[in-house]
Every structure is written in C-alpha cells, then in structure tokens.
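These are my notes from going through one structure, entry by entry.

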Amino acid sequence: MEEPLLELRNVTKDYTIGGGLGLIKRKIIRAVDRVSFTIPREKTTISALVGQSGSGKSTIARMILGLLEPTSGQILYEGRDTRLWVKENKRAYRRNVQVIFQDPYGIYNPFYRVDRVLFKAVKKFGLASSENEAHSMVIDSMRALGLRPEDLLGRYPHQISGGERQRLMLVRILLIRPKLVIADEPVSMIDVSLRSIFLNNLQDLKNRIKMSCIYITHDLNIAHYVSDDMMVLCHGRIVETGETKSAVKDPLHPYTQNLVSAIPIPDPKKRWKDTVEMEGATFEELRAEHGCIYSHRCPHVMAICKKEIPPLVEVKLGRKAACFLYSEVIEAAESK
Amino acid sequence: MRAVTPLSWEPILQVEDLRVYYKSIYGEVKSVDGVSFSVNPNEVFGIAGESGCGKSTLVEGILRVIRPPGYIRSGKIIFRNTDLISLDEEELRKIRWKELSYIPQGSMNSLNPVLRIEEQMMDAMISHTQISKQEAKEAVLSGLKDVGLPVEVSRMYPHELSGGMKQRVIIATAVLLKPSLIVADEPVTALDVVVQKGILQSIANLRDRYGMTVIFVAHDLAAHAEIVDRLVIMYAAKIAEIGSVYNMFGDPLHPYSKLLVAAVPSMEKEVLKGIPGLAPSPLDWPPGCRFHPRCPYAMPVCSKEEPSLKEMKQGRYAACHLLE
C-alpha cells in the first residue's frame with residue numbers, strides 16, 4: 001500500500017512558560033498530546049479538526065506546516081518527515097502543503113496591491129513562462145471562483161472586503177494546486193452573508209484540483225457543512241473521529257455530546273431544553289490530570305477514567321472514540 | 001413609526017429617528033441613520049446585522065456613551081418618559097448602572113488585573129449608592145451566585161478565571177444594582193460554544209428572575225434564535241425589519257432578512273447560499289433602498305426612493321418597496 005498523504009504519529013507539543021530570570025517557576029503546558037491521524041492519498045477529503053479554544057488545533061496546524069517542531073512524535077508527508085522536507089525541499093513542500101489563515105487582514109501588506117499575492121505565487125513556483133501567461137492564469141482562476149478580476153486587480157487590501165480577501169487566498173490555491181491545504185478558521189472573521197460563498201468555493205476546489213484539506217474550526221455548524229470527516233480535540237487529545245454527519249448526529253464521546261448539545265440552532269422553535277453546567281477547571285488544572293482528559297467534567301465518569309488514558313478505538317464502522325464507556329470494544333481491540 | 005406596544009404596556013425604551021454620525025476627513029460617516037423602535041418591559045430585544053451595519057454605534061448612541069468624532073445628530077431616546085438626549089452628564093451618571101446598565105463589547109478583558117473580583121464589584125456599588133461595605137459585599141456574593149459562579153470567585157483575581165467566568169463576572173457586575181434595562185453588546189462573541197450557551201442562559205435567567213429588560217446585540221443569528229423575543233435586523237445603518245423572533249426565522253419579510261437567515265450555517269441545511277455583492281460604504285450609502293444593489297428582487301423604484309419602515313403585518317415592520 002502507498003503511504004498516506006499525511007500521517008501524524010504520536011505528535012506531542014509542550015510549551016514552556018515562565019522561567020527566564022529564574023524568578024518565576026517554569027511550567028510546562030502540553031498543548032498537543034500524542035495525536036495520531038492520517039489523511040489518505042487515494043481520495044480527497046475535507047477533514048475538520050474541531051476543538052474549543054486552547055485545544056491545540058492551531059498548534060497542530062503550525063507543526064504540519066513546519067513552522068513549529070513537535071516535542072516528540074513524527075509528522076510524515078508522503079512518508080517523509082516534515083522536518084526533512086522543510087530542511088531539504090522547502091519549496092516543494094510549500095508548493096504541496098498550503099495554508100489559509102484566520103485573519104484576512106493580517107496576511108496582506110497594506111502598501112501592496114492585493115493581486116501581488118497571486119503574481120508572487122506564480123513567479124515563485126514558476127507556474128507561467130511569460131508575464132502574459134501569468135496574467136491570464138490569474139484572471140482565469142479568479143473567474144473560476146466567481147470573482148470579478150476587473151473589480152479586484154490593482155486594488156489595495158483596504159478597498160475590498162474580508163470575504164474577498166479570503167477568496168483571493170483560494171484563487172492562490174487554485175493557481176498553486178497543492179495536494180493539501182490547512183485552513184485555520186478561514187471564515188470566522190467574515191460576515192455570514194459571505195461565509196457560505198467561501199465554503200462553497202472550497203468544496204469546489206477540492207474536486208477541481210484534487211486537494212485534501214484540514215479544516216480547523218471551533219464551529220460545529222461549519223464543520224458539519226463543509227467537511228467529510230472530523231476529528232474532535234479536547235485539551236490536546238483526539239477524543240473522537242469519524243464521518244462528520246453521523247458523528248454530529250450521534251456523537252460517541254461524552255465531550256462531543258456536550259459540544260453538539262451546545263450548538264445554537266438558528267431556529268427559535270428548537271431552543272435548548274437542558275441547561276449547561278458551570279465550566280469548572282481552568283487550563284492548568286486540566287493538564288495536571290491523569291487519565292481521561294474529560295474525566296473531571298464527564299457525567300459518566302468511572303474510577304478507571306481517573307487512572308488510565310482511554311485508547312482511540314473503532315466503536316462503529318469508520319467511527320472511533322477514546323472513552324471507557326466502550327470498554328468491551330477496547331478489550332476486544334487489545335486482545336487482538 | 002408607531003410604537004410596537006401591547007395595549008396594556010408602556011414601552012421601557014423608545015428610540016425615534018435616531019441618527020449617530022462620525023466626522024471624518026472624507027466626510028460624514030452615517031453609522032446610524034434614522035432608526036426607530038421601541039423595547040417592551042421584560043423582553044429580550046435582539047439587534048442583529050453584519051459588521052459595519054451600525055449595531056454597536058446604535059447602542060452607544062442610546063446609552064449616550066458615544067465619543068468624538070462620533071456624535072448624535074438628531075433623534076429621541078425616551079427611557080421611562082425621560083429623553084436621554086436632554087440629560088447632562090451628571091443626570092446621566094445617576095441613572096446609569098442603577099437604571100440602565102451597559103456591557104460593552106469585549107468588556108471581559110477590562111477587569112482590573114490587580115484587584116480581587118469582589119473589590120472591583122464593590123467599588124462600582126459604593127460609588128453609585130449609599131450602601132455600607134458589608135451590604136455591598138453581600139450583594140456581590142449573591143450577584144455571583146445569580147450568574148452561576150461559586151462564591152470563592154469573589155476572592156480571586158481576573159487571571160485565575162477563564163474567559164467565560166470573566167464574562168459572568170462582568171454580567172454580575174452590570175446587574176448588581178438591579179437595573180431595569182441592560183444593554184449587552186456581543187457578550188458571547190469569542191467564547192466557546194459550551195461557555196456561550198451558559199452565558200446566554202444566565203442572561204435569560206436574570207430576565208426571568210428580576211424582570212429586567214435586555215437589549216442583546218450579536219451578529220450571530222443562531223444566538224438570537226436561542227434567547228431573543230423580538231429581533232431587529234439592521235442593514236447599512238437602517239432597520240430592515242423588526243418582528244418576533246419566530247416570524248423572523250420562520251417567515252422573514254425583507255429580502256435581506258430572508259437571505260441572511262438562509263446564509264446561517266445549521267445542521268439542518270444541506271446547501272447554503274451567500275448574499276452576492278458587497279456591503280456598501282457608510283461614507284456613501286447607495287441611493288434609494290440601501291440593499292438594492294445586492295437585492296435579487298430589486299425594482300426600478302428601489303434605486304430611487306428610500307422605503308420607510310412600515311407595519312406590514314400585525315407587529316411586524318419592514319422597509320421594502322416589494323411589500324407595499
């Protein structure tokens with residue numbers, strides 16, 4: 001079998017805070033804790049990486065991009081460690097693994113016209129042999145995503161909307177044709193009326209240029225709309241994975257169940273019926289816990305949950321969860 | 001506009017033709033440009049709209065906290081039979097917090113980092129009332145309980161609290177003096193879903209327990225659907241539609257409300273459509289109906305005459321030529 005497009009093997013990232021002058025006690029915070037997953041090569045998928053703030057989702061994105069090094073574990077792109085890619089074939093890696101960041105304002109230099117990000121990409125990766133060809137490529141790609149080149153070429157960032165700025169990033173992707181795109185909350189700063197246009201464009205691109213995407217978000221409504229499958233992160237650990245629609249409809253892990261029940265539904269006839277419990281422990285207390293990361297708040301907590309970390313096992317076809325509620329499945333998996 | 005008033009009640013707040021402008025070197029920025037509505041006692045009144053539509057400026061105008069270069073150009077803000085525009089700073093100070101409380105956007109990050117929670121909450125009380133320190137302390141503890149916080153929080157510092165807990169402290173502080181009207185500007189933005197749900201529910205609980213009236217500003221329509229009774233949708237500094245939240249989601253009248261409701265991602269929607277085109281610039285609103293350049297139903301009259309907000313159905317107001 002061919003190696004997968006991307007594989008994370010027990011990836012861990014620790015951040016150290018404090019220290020320095022020796023006045024403040026050093027503390028280690030584990031942002032990502034033994035995360036493993038694969039993005040297959042055979043089919044193109046949009047995989048949502050879902051988690052609340054501080055769950056480590058952006059840290060994972062940065063490690064995949066080679067902007068951060070994991071403390072331990074490996075990230076393999078096409079079977080080769082990303083550290084090697086970044087060291088030896090940085091350009092090839094950048095060409096194949098692209099990113100769309102959250103902030104549609106920060107990415108543009110206010111002194112340059114917005115189309116610079118497109119022409120730069122064409123030039124850097126040698127996509128066109130002449131200026132004319134570059135120009136027509138850019139124009140065609142803009143049109144392909146429903147943007148009007150006459151409205152955008154030659155404009156400055158402040159003259160166009162956040163939605164258009166993010167869609168230009170998709171035009172850039174269409175030009176570069178990477179195999180993998182990491183999208184880190186790309187629509188959270190865009191207005192609702194423009195969000196769906198971006199999301200529809202992204203899905204269109206997936207099929208058009210056969211790219212896979214890791215879509216990072218805290219918003220389950222959006223994950224549900226845009227992704228094929230999802231991974232749920234809770235304080236640095238993956239607690240559930242599987243096909244998005246069924247995972248949202250019938251979540252396996254108590255943490256996912258809690259998240260799903262808190263999604264506001266845009267229909268006043270379907271208001272919440274249950275009340276939420278007070279959010280308890282703060283960041284640091286959680287890291288100190290042994291056992292399941294969710295055990296301090298889980299309504300189904302058992303003795304074992306405080307002692308051992310539950311493994312991620314397949315509970316239903318194509319759906320995995322890390323929870324001792326499914327202990328028969330865990331035992332069956334272990335005896336194999 | 002006629003007030004949206006049930007016969008037996010007087011509205012607690014009536015806003016009439018309010019205009020709030022900013023002076024800029026490019027000319028006048030008309031951020032709130034002729035807005036009228038009224039808020040009934042004991043309701044959660046929602047204000048929705050996309051960024052730049054004037055939601056925050058509207059509430060800053062209502063509370064008279066607008067700072068230069070912003071100013072109130074004209075209009076009336078009748079709060080319990082008093083026009084807030086006619087009051088001077090000292091008179092305003094007397095009713096703020098006691099009668100009229102404000103939770104500005106992002107205020108959970110404005111807690112004083114070097115004071116314990118109870119100290120900052122008591123400060124607020126003591127400067128606005130005559131009560132003793134002991135009474136203030138008791139009020140603080142019961143206020144914290146009201147928003148679902150453990151009493152130990154009173155002895156903590158802001159850095160020891162999570163974002164959601166800080167927001168609860170802010171809400172508890174805002175309602176310490178049991179005001180009759182609270183204005184909350186984006187109180188759940190930037191919070192995680194579970195925390196967001198808790199905050200929304202405690203706002204609704206405070207209304208139920210103390211009979212407060214709440215003006216709830218948020219760009220997220222799903223949040224409105226959860227707690228709001230009546231909703232106004234703003235577009236380009238004006239009101240597009242006002243109505244009960246059930247009508248607004250079930251059968252919106254204005255084309256903008258229709259498209260906006262259809263654009264909200266939800267588990268139940270297979271296809272989402274956006275609204276093509278761009279939000280217009282507040283320096284130069286389009287002539288006629290401000291939505292006409294993006295409206296799929298635009299008629300010739302829409303680019304010429306500005307539609308006024310009219311009662312289209314019982315208790316439902318919209319500004320659209322199509323509905324007349």
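Predicted model: local features only at pLDDT ≥ 70, side-chain atom pairs only at ≥ 80, totals over all residues.

**Entry: helix α5 of chain B**

I applied the rule to helix α5 (residues 163-174) of chain B, where 12 residues at 1.5 Å a residue should span 16 Å, and I found the end C-alpha atoms 17 Å apart, which agrees. I then looked up how covered α5(B) is and found that 11 of its 12 residues are buried. Among these buried residues I listed Gly164(B), Lys166(B), Arg168(B), Ile170(B) and Ala174(B). What lies over the buried residues of α5(B)? The cover includes β6 (100-103), α3 (117-128), α4 (133-146), β7 (181-185) and α6 of chain B.

**Entry: domains of chain B**

**Entry: Asn205(B)**

I picked out Asn205(B), which lies in helix α6 of chain B. Is Asn205(B) buried, partly exposed or exposed? I put it down as partly exposed, because it has 14 C-beta neighbours inside 10 Å, whereas a buried residue would need 20 or more. Asn205(B) and Asp146(B) are 59 residues apart in sequence, and I found them 8.4 Å apart in space, C-alpha to C-alpha.

**Entry: where the chains touch**

I turned next to the contact between the chains, which takes 33 residues from chain B and 33 residues from chain A. On the chain B side, the elements that give two or more residues are α6, α7 (221-227), α8 (245-250) and α9 (255-263), and α6(B) gives the most, with six residues. I recorded the residues of this side of chain B as 20 nonpolar, eight polar and five charged.

**Entry: domains of chain A**

For chain A the assignment gives domain 1 (6-235) and domain 2 (251-265 + 286-336), with C-alpha centres 29 Å apart. I noted that the contact between them takes seven residues from domain 1 of chain A and 10 residues from domain 2 of chain A. The elements that give two or more residues to the domain 1 side are β2 (24-39), α9 (220-226) and β9 (229-234) of chain A.

**Entry: the nonpolar core**

I finished with the largest nonpolar core, which has 192 residues and in which Tyr215(A), Val183(B), Ile215(B) and Phe216(B) have the most contacts. Helix α7 (residues 162-176) of chain A gives the most to this core, with eight residues. I followed up Phe216(B) and, leaving aside its neighbours within four places in sequence, found it in contact with Val44(B), Phe45(B), Gly46(B), Ala184(B), Ile227(B) and Val228(B). As a general note, nonpolar side chains tend to be buried together in soluble globular proteins.

Terms used. Residues numbered from 1 in each chain as written. Chains lettered and ligands numbered in written order. Core = buried A, V, L, I, M, F, W, Y, C linked by C-beta atoms within 7 Å. Helix = DSSP H or I, 4+ residues; strand = E, 2+ residues; numbered from the N terminus. Contact = placed C-beta atoms within 7 Å. Nonpolar A, V, L, I, M, F, W, Y, C, P; charged D, E, K, R; others polar. Expected span 1.5 Å × (residues − 1). Domains from an automatic or database assignment.
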